[in-house]
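Please consider the following report on a single structure, which looks at annotated positions and at one further residue.

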Amino acid sequence: MPELPEVETVTRGLTPVMEGFVVDHVVQRRPNLRFPFPENFVGRMAGRRINQLTRRAKYILGYLDDGQVLLVHLGMSGRMTIFDDPAVGVPAPAKHDHVDFVMQGGAVVRFTDPRRFGVITLIAADEVATHKMLAGIGPEPLGNSFNAAVLAAGIARRASPIKTVLLDQRLVAGLGNIYVCEALFRSGIAPDRLAKDLKQDEIERLYREIRLVLEDAIAAGGSSLKDHRQANGELGYFQHSFRVYGREGESCTADGCESDVGRIVQAGRSTFFCPTCQK
């Protein structure tokens, strides 16, 4: 499933062709994705200007000029692709091309989702903080409201492994399995350590590495494992920089370490780690 860097990359790619532009019309090719589309979705989108396009956790939010907000979640296999070259045109829709946003600026943004776990809906702007999909989400890890003190307060008294605690979206927004594994490796913290047992210097190191690994991943366009592509159709490249994720049985990348990367299962998810470097 796309995590914060992938969704941030897509949002940044869409901004130049959607933010500030009017939606000429929408082509909707099926009645539902994970949930049914809103009633009269096509009519409610036509003629609306997208004043702002932003990201919250793993959601893309488009603030419309009439007080509605277009909410998009990519699910497990969703992607949004821009077609804005008149010389190339827009290809005929394939089986899993479910929605086209045709912008008055000339671009067509196509939502493709083979598994149909994605979400496209409309909510009221004054419900963004309280809507069931967004309520209770923690601070953005790259924002000013997240720091080592906030992380320390969030994990205090949490008698669960730090890996599973970091996946709790109430603690911090947008983190997923890939980047939690990578941040814990960079921090030298074993994934099965109880969160409440981390020392202050470890928490500060973990906070820094969470930010750094997310920034590195965004700069690389995210990680393309199965379905993720950037909005321009290109793959992300951060998967080539994985230090532990998906590398079970391979040599640890740390200088001087002779261990192989291990894997355990936590809360139904694979956790990759170095048994020597992470304590």
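## Basis of the report

Contact here means heavy atoms within 4.5 Å. This is a predicted model, in which local features need pLDDT of at least 70 and side-chain atom pairs count only at pLDDT 80 or more, while totals for chains, interfaces and linings use all residues. Residues are numbered from 1 along each chain as its sequence is written, and side-chain values use heavy atoms, with hydrogens and water left out.

## Annotated positions

An unreviewed UniProt entry lists Pro2, Glu3, Lys58 and Arg269 under "active site"; such annotations may be inferred rather than shown by experiment.

Pro2 lies in the segment before helix 1 (4-18), helices being DSSP runs of H or I with at least four residues and strands runs of E with at least two, numbered from the N terminus. Leaving aside neighbours within four places in sequence, Pro2 is in contact with Val7, Lys58, Leu74, Gly75 and Met76. Pro2 counts as buried because its relative accessibility is 10%, the term meaning under 20% relative accessible area (1.4 Å probe, protein chains only).

Glu3 is also placed in the segment before helix 1 and is buried, with a relative accessible area of 3%. Beyond residues up to four places away in sequence, Glu3 touches Lys58 and the residues Gly174, Leu175, Gly176, Asn177, Ile178 and Tyr179; its side chain reaches the backbone nitrogen of Asn177 at 3.1 Å.

## Asp100 in strand 6

Asp100 is found in strand 6 (residues 97-103) and, at 5% relative accessibility, counts as buried. Among the residues that Asp100 touches, not counting those up to four places away in sequence, are His25, Val26, Val27 and Arg110.

The side chains of Asp100 and Arg110 are joined by a polar contact of 2.8 Å, that is, a pair of N or O atoms within 3.5 Å, of which, within protein, one must be able to donate a hydrogen and the other to accept it, residues adjacent in sequence counting only if both atoms are side-chain atoms.

Technical notes:
Buried < 20%, exposed > 50% of the residue type's maximum accessible area, 1.4 Å probe, protein only.
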